[in-house]
Each structure stands twice: as C-alpha cells, then as structure tokens.
Amino acid sequence: MHRYVLTVLLLSVLLAPIGKAQPTDLAPERFSFDPDLTYAEQVPVPSEVLGYELGTQFTLYADVTEYLRAVAAASDRVSLDTYGQTYEGRELVYLVLTSAQNQQRLDELKRNSRRLSEPSTLSAGERNRLLQNQPVTVSYSYNIHGNEPSSTEAAMRVAYRLAAAQDETTRRILDETVFVMYPTVNPDGRDRYVYWARSMQRSQVATDPNDIVHDEPFPQGRTNHYWFDLNRDWVWNVHPEMEGLTGVYQEFMPQVHADYHEQGYEDNYFTMPGTTPRNPLLPSRYVAWADTFGRANIEAFDQNQVSYFTREAFDFFYPSYGSSYPSVMGGIGMLTEQAGIGAGRAVENEDGYVLTLRQRVFDHYTTSLATLEAAVRNRRELLEYDLQAHSQETNTVETAAYVFPDDQGSGYLYDVVDMLRHHGIDVQRATEPLQLDNALNYRTGERSDRRVERGAYVVPTDQSRHLFANTLLRRQVSFQDSVMYDMSTWSAPLAHNVETYATRSEPEAETEPVGEDPSPRSGVLNPDARYAFVVDWQQRHAPKALSHLWEAGYRVRTAHEAFSTGSRSFGAGSLIVLRGRNPDKTGVAGDMQRIAQEAGVEIVGLDSGRMAEGPDLGSADNPPVQQPDLGLLVDQPFSTYTSGQLWYLFDQETNLPITRVRASTLQESTTSASRYARYGKANLQDFDVLVLPGGYRLGTVFDSTQVDALRDWVESGGTLVGTEQSARFLTENGSGLTDVSAVTDTTESRIGPYTPYAARGDSSGLGNIPGAALDGHVDTTHPLAFGVGERVYSLKYGVSGLEPSSDLQTAAHYAQDPDDLLVSGYASQKNLEQLAGKSFAGTVEMGEGRVVFLVDNTQYRMFWRGPSRMMQNAVMLVPALVE
C-alpha cells in the first residue's frame with residue numbers, strides 16, 4: 001500500500017505541468033533586442049538608468065522621461081522637446097530621431113515635409129528636388145491607452161537602438177527618415193495603471209489569470225484624467241494631450257504614422273491592413289500601402305515565430321483614431337495591436353502559453369523597426385503618395401464649398417472653425433452677402449437657392465487638405481457595411497448643431513482668410529446699470545456664467561420665457577441679477593466685468609425692470625435659481641466614459657462643483673437618515689440633483705427598497721437625471737420608479753433560424769444603430785430645452801426611446817416621419833419606423849421633485865455638442881422651473 005501511494009505521488013510530480021513548478025523567466029533570451037549589434041558606449045542602455053531589464057518591470061512615466069532625456073543628452077541623433085502638460089501636471093515630451101546632419105537642418109526638413117502637403121505651391125523643379133532629397137517623415141504614437149503599457153517600454157529600446165547602434169541599417173534609417181516619437185501619449189492613465197500594477201505584484205510572478213493583478217479596478221488606466229479615450233480625440237482636440245500632439249503633427253506632416261496599442265491577452269498581434277468599412281474618400285492606393293507595411297511587419301514576425309493576424313478585425317472608418325487621422329491628413333495611418341491588456345508581467349494563456357511583458361515589448365520593438373525600414377525602402381514613393389493625396393486629382397467630392405452663417409457665438413460654430421484651423425484647413429469669411437445656388441440644406445436635406453448674410457464662414461474644397469475637410473464636413477459618408485468598430489457618423493456640422501449649406505459651385509463673393517480663432521463677444525454693456533444685469537441664456541457659455549455668479553455669492557433668477565426691452569431680446573432661461581436682491585454686494589460692476597471675461601459672455605446692464613415684451617424682470621415668473629449640491633454616480637455598473645464626459649462637462653466647461661459618488665457607497669445608504677451615516681458613505685439627502693450615467697445591470701445598484709428610497713427623495717424635492725440606459729431604468733419597464741413607458745423593441749432580428757454561423761455577427765449589426773444622427777424636434781418652451789433651438793441632431797446608439805404621454809412632459813422627440821428621421825449614418829428602416837415620433841428628452845413631476853429623462857448621450861466625447869445644453873439645464877435650471 002505504501003509502495004502504491006509513493007508511486008502515485010511520484011507520478012503526480014512527474015506529470016505536473018513544468019510551468020507550474022518553475023519560476024517565470026521575465027527576460028527570455030528568445031526576446032532579446034539585437035544583441036549582436038555594436039552600440040555607442042556613451043549612450044546609456046535602459047537598464048543603466050532604470051535599474052532593471054526592459055520587460056521585467058513596468059516603468060513610471062517620470063523614469064521614462066528621465067531615461068529619454070539621458071539618451072538625448074548623450075546622442076547628437078536625438079532631440080527632445082515638449083508639447084504641453086496633462087491635467088495632472090505631467091510634461092508631454094516627444095523625440096526626433098534622425099542623423100546628426102538632419103538634426104542640424106531640422107527646421108528646413110519640417111518645412112519641406114509641409115510643402116509636400118501643398119503641391120499646388122510647388123514648381124516642377126521644386127517637386128523633383130523634394131522627391132530626390134527629402135527624407136521620409138515617420139511618426140509613432142505609443143501608449144495612448146494607459147493600461148496598454150508595453151509600447152512605452154518598447155519606445156525606450158527603439159530610442160536606444162537609433163541613438164546608439166552603429167550598423168548600416170540604423171545609419172540608413174537615420175539618413176533617410178525623420179522619425180518623430182511620442183513615447184507616452186497618455187501619461188496620467190499610464191501612471192494610474194503602473195502604480196496599481198506594481199502595488200499588486202508578488203515575489204512569485206502571478207501567471208494565473210485569476211490573480212488580482214489581472215483584474216484592474218475602476219476607473220482603470222485606459223483613459224486620461226477625465227476618463228476619456230484619447231484615441232477618439234485626434235480630430236476634436238478636447239484634451240491637452242491631443243491638442244498638443246496634433247499641433248506637433250502639423251509641424252512635421254509625416255508621410256507615415258503608426259499608432260501602438262494592446263488588446264486582450266488571449267489574442268495574437270494585429271498588423272495592417274485591417275478590415276472594412278474604410279473611408280471611401282481615401283486615395284485608392286491607401287490599402288495597398290497599408291498592406292505593404294503590414295507585410296514588412298509579418299516578415300519580421302515570421303523570422304521570430306511571433307503569431308499574428310492582419311485582415312480579420314479593426315476598421316479605420318472613424319477619422320479620429322491615431323490610425324485614421326494620419327490617413328485623412330494625406331499620409332499612411334496604421335494600427336498595431338499587441339496581445340496584453342490585463343496580462344501583468346506574465347499571464348498563462350488558455351492554451352498554456354505564458355505571455356510575458358518582455359515579449360510584448362519585443363513585438364512592438366520589432367514592428368517599430370520593420371516599419372521604419374519599409375519606409376526607407378519606399379521613401380520616394382511615399383513622398384509621391386503625399387503629393388497626390390493633397391492634389392485636386394484625388395478630390396472626388398462634388399461639393400465646392402461648405403458655408404456656415406455666423407451664429408455670433410451663440411452656438412458651437414466657433415468650435416468647428418477652431419477645430420478646422422488647428423488642422424490646417426483654409427477657412428474664409430465672407431465680407432459681403434453670399435448667393436448660394438442649389439445649396440444643400442443640412443437641416444432638411446433638400447437643395448435650393450439661398451442668400452446668406454455677410455460674415456458667414458466658407459470652407460472651399462479646392463484646397464490641399466480637401467480630404468480632411470470633406471471627411472469632417474460632409475452630411476453623409478457612404479460605407480461598405482454597417483458592422484463597424486465605432487460610429488457611423490461624425491459630421492462636425494451635425495455634431496455641433498450648426499446651420500450649414502453645401503454648394504456645388506464656389507460662392508461668387510468677396511472673402512478674406514480667417515487669421516485667428518473667432519470668439520464670442522464678451523464684456524458688460526452699461527456696467528453702471530442701476531436695476532439689473534442680464535445674461536442671455538442663448539450664449540454658448542451662459543451656464544459657466546451662472547456658475548461664476550453663484551461662486552461670487554449672487555442671488556440669480558432665471559426667465560421662464562423670452563422677454564425684450566424693445567431694443568434687445570433675451571431668450572427663455574436668461575439669467576437675471578437684480579441689484580435690489582443683492583444689497584450686500586459692493587463692486588458689482590467689477591464683478592460683472594470679471595465674470596463676463598472669465599466665462600466668455602456678454603452681460604447687459606439695465607436701468608429699469610419694465611420690459612416691452614414678456615414678463616418684467618421682477619416677475620414671479622422669473623424664479624430664483626440656486627446652486628445645487630450635484631452628485632454623479634460612478635463606478636460599476638455605470639459607464640466610465642459617460643461618467644467622465646459628465647464630470648468634464650460640469651467641472652471643466654461649466655465650472656460647477658460636482659461630487660462623484662461611488663455607486664456602491666450610495667447603494668448602502670439610501671435609507672439612512674444621517675448625513676454622515678458612516679465614513680466613506682454617501683446619502684441621498686446630501687444632494688439636490690443626482691445624475692445617473694449610462695450603464696448596464698442597474699438593478700445591481702438599486703433593488704426595490706432602494707428604488708422606494710429614490711422615490712421618497714424625489715418627492716421631497718430632489719431632481720433625478722437619467723441618461724442613456726439609466727433613462728430606461730427610470731421607466732415603468734425598468735425600475736418602475738415612474739409610469740413613463742420605454743419603447744419596446746419590436747424590430748425583427750436579422751438572425752433567422754438558418755442564418756449561417758459565420759454570418760451571425762454581421763446580421764446582428766444590421767439590426768442595430770451604430771451611432772447615427774437623428775433629426776430631433778425641440779419644444780423650446782420647455783426649461784430642459786432652453787438655449788437648444790427648435791431642431792437638434794441627436795446621436796443615436798441602439799433603439800431606445802420613450803412613449804409620448806400626457807404624464808411625460810416631452811422636451812424633444814424624434815421626427816415623426818421615418819423617412820425624415822435619419823440625417824447621417826446607418827439605421828435600418830425598421831428601426832426608424834420604431835423610433836419615429838418617440839420622445840428622447842423630457843421630465844416627470846413627482847411630488848416636490850422631478851425626474852429628467854435624456855435617452856441619448858447629450859455630450860458624447862464632448863464633440864457631439866448640440867444637445868449638451870439639455871444636461872446643463874437639467875442640473876442648473878430644471879429644479880427651479882419645472883414644478
């Protein structure tokens with residue numbers, strides 16, 4: 001018996017997986033970085049500065065920049081510069097790596113690269129000289145998602161190789177390229193991840209996927225400080241990281257750009273060319289070039305037995321990725337995706353293979369060099385592609401000009417103009433009225449002749465950057481299929497809800513170049529007014545002005561309807577500061593001047609409260625509006641992205657204090673009567689307004705008892721705002737909190753009983769709405785819609801909506817005719833028929849309080865701005881005006 005037991009024990013040891021019994025090798029020899037090359041001794045190896053081998057530890061951003069500065073100081077092939085700071089104060093750096101001779105004439109080479117993007121300004125001789133002598137400009141963006149950290153580690157090794165290696169391949173790369181490296185696009189997110197990952201490490205490396213090191217907590221490191229995905233912000237430049245980077249990009253105008261990422265650790269490496277849909281406006285040779293670089297990468301992988309795929313995933317349709325922005329800028333934009341999110345320093349895959357951080361670094365290092373080598377081999381042809389992409393021969397759009405009547409800063413037109421100018425688009429301004437022939441009206445989709453007043457902004461397409469202009473300004477872009485990685489529309493005029501016309505012939509009127517970014521009028525008219533000061537709520541930054549008035553301690557009222565002095569009109573929602581109601585305030589004129597400048601608004605002083613039309617300023621119809629204690633639920637099960645957008649909207653743009661409440665802490669204290677029931681727990685009674693972002697499985701936050709507590713809170717005077725999926729949760733179909741009915745999805749699935757297995761993904765996509773612009777009709781008398789306008793383009797994901805009823809005070813609904821509903825993007829006819837006429841914004845009274853429904857995201861990525869005033873109204877005006 002003892003012999004049998006011993007035999008079993010020995011067999012169990014012998015047959016146990018070897019990997020389980022051996023410590024993990026974090027730096028396997030297989031993934032060495034060109035050890036056979038000769039390197040200049042004066043350039044430090046990463047381990048000499050960091051204190052560990054690359055791939056054995058995650059590197060903090062401060063240590064990354066310390067190393068790169070050391071390399072730049074030691075090599076005349078490297079220059080380092082900065083392009084801004086993150087919200088958390090981290091300096092954003094980039095490197096230029098090229099030969100010492102090229103470094104000495106870098107300004108000239110930058111200028112020449114930009115000249116390639118202006119082919120109409122070049123003579124035949126200049127063109128030939130550039131093609132003969134100009135190095136190809138290549139740039140890489142590493143680590144734009146903070147918890148995809150391996151590319152920054154790879155960037156350090158790439159910098160070392162180019163700064164120190166003495167081989168012929170490296171020399172040729174340096175001679176024939178100007179290589180711009182952004183080593184860490186998202187330092188805030190990276191450090192959030194690295195600090196956490198380091199704090200969770202064990203002395204024995206945790207390869208088990210169940211270990212906590214592979215389960216990153218909220219809000220994770222993917223996003224920036226405000227929880228935004230920076231890889232959706234290349235065009236819009238909402239954040240300093242991307243505004244600064246694209247500013248440098250415009251200086252260099254590279255012919256090739258690669259964006260470095262990671263994906264789930266069970267995947268293999270992705271490299272180009274990717275899949276459909278693709279931007280149909282791109283030059284016909286783009287896909288072939290993407291494949292050329294992809295094949296260069298896989299040739300290197302074949303030599304090293306690295307697994308990969310190339311055509312099964314990842315489209316580049318949305319133009320604001322790091323892989324698509326360069327393409328609409330006339331270059332070859334590309335994506336790489338290394339397996340690794342959540343992998344820690346090592347993780348065991350489902351097939352038993354152990355993926356190490358070292359391999360992830362090696363793989364990105366390998367493609368970084370392979371892409372540079374391919375660019376060198378194809379230098380002249382890439383410069384020719386650049387010239388062609390910026391010439392009118394590749395302009396396939398019939399539109400000759402886009403025309404935007406000046407909104408005087410009341411809407412978001414100036415945001416569009418700023419964005420276009422930042423990216424080098426020629427914007428003109430009409431110095432006389434324009435007569436537009438057969439112009440397409442973006443609001444109606446119909447063509448007609450139209451007169452537009454002087455001051456209108458004009459974007460002609462007869463310019464070198466027509467590809468970018470047409471991609472961003474067209475009302476509708478065609479696409480090959482409806483199954484896409486991101487969204488099906490991004491039209492800037494629709495996103496910003498601005499009046500727009502497209503003409504097939506350039507307007508015959510005098511125009512002048514727009515030389516600086518336009519800004520709304522600001523200041524105080526009649527600063528010594530004896531009766532009141534008024535801020536028209538139609539102004540772009542009026543909500544910020546209200547926040548500043550509250551912060552300064554002023555008692556403010558808001559107009560329930562429009563009014564006029566006879567010479568000047570003010571819209572509903574306009575802010576009224578009665579001097580008689582603020583008797584303790586001294587230096588009022590100075591305060592108004594300061595607030596007007598800080599907020600970017602015009603404040604009008606009035607000597608009398610008697611109005612020619614509408615209620616007088618002191619009317620009871622103009623109730624006081626008080627600063628709310630505002631709470632925002634965050635963490636599971638709410639969307640990190642939507643939470644971040646709401647946080648940004650109020651914190652950065654509106655300057656209104658907002659308390660971010662972890663959902664689980666409110667969950668346990670909804671029934672508590674004490675303001676501070678327990679340390680670290682929030683109570684409903686702490687807030688006047690509570691916003692619920694979009695999310696899933698919301699029943700995990702509020703059970704029936706807690707829903708009753710929410711109802712009691714609302715009936716006692718609270719304002720509850722639900723957006724996206726949370727709006728549905730507040731209906732009778734969700735939590736039962738209200739009697740409002742959500743739209744029932746009656747569209748038939750495209751998946752039939754005999755749909756082939758391989759076609760089920762595409763069939764499912766056909767039945768969904770993947771981010772389309774729908775025509776919204778607005779009740780401008782509803783406080784939720786003050787300042788929005790009579791029509792708004794609502795960005796639609798999915799098929800949610802509200803059934804109109806007498807109980808629901810609808811503020812906005814979708815167009816009632818299904819044929820008029822879709823403005824841009826993709827939606828099936830059945831989906832349009834289901835949504836036509838349904839409500840997407842409204843309020844319900846409950847006792848002393850109210851529930852606000854905002855079915856669609858009103859501030860998506862902070863570039864879909866048209867409906868965003870509704871969210872600001874919900875928090876700032878609705879508590880005072882909806883009774």
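Begin by selecting helix 21, which gives four residues, the largest share, to the lining of the largest pocket. The model is a predicted one, in which local features need pLDDT of at least 70 and side-chain atom pairs count only at pLDDT 80 or more, while totals for chains, interfaces and linings use all residues. Residues are numbered from 1 along each chain as its sequence is written, and side-chain values use heavy atoms, with hydrogens and water left out.

**The largest pocket**

The largest pocket holds about 1000 Å³ of space. Select T642, Y696, E724, Q725 and Y797, the closest to its centre of the 38 residues that line the pocket. Helix 21 (640–653), helix 24 (725–729) and strand 31 (791–797) are the elements that give two or more residues to this lining. Helices (H or I, at least four residues) and strands (E, at least two) are DSSP runs, numbered from the N terminus. On a 1 Å grid over the protein atoms alone, a pocket is an open set of points with protein on both sides within 12 Å along at least five of seven lines, a cavity is a set where a 1.4 Å probe fits but cannot get out, and lining residues have an atom within 4 Å of a point. By class, the lining of the largest pocket has 14 nonpolar, 12 polar and 12 charged residues.

**The second largest pocket**

Of its 34 lining residues, N497, G787, V788, G789 and E790 are the closest to the centre. Its lining divides into 11 nonpolar, 13 polar and 10 charged residues.

**The largest cavity**

There are eight cavities of 30 Å³ or more, and the largest has about 50 Å³ of space. To display its lining, select M200, Q201, R202, V205, A206, V213, G344, R345 and A346.

**T367**

Now select T367, located in helix 14 (residues 357–377). T367 is buried, with a relative accessible area of 0%; buried means under 20% (1.4 Å probe, protein chains only). Its side chain makes a polar contact with the side chain of Y269 at 2.8 Å, and the side chain of T367 also reaches the backbone oxygen of H364 at 3.2 Å. A polar contact is a pair of N or O atoms within 3.5 Å; within protein, one must be able to donate a hydrogen and the other to accept it, and residues adjacent in sequence count only if both atoms are side-chain atoms.

Terms used:
Buried means under 20% relative accessible area, exposed over 50%, partly exposed in between (1.4 Å probe, protein chains only). Grid points are joined across faces, edges and corners, and a volume is the space filled by probe spheres set on the points. Ala, Val, Leu, Ile, Met, Phe, Trp, Tyr, Cys and Pro count as nonpolar, Asp, Glu, Lys and Arg as charged, and the others, Gly among them, as polar.
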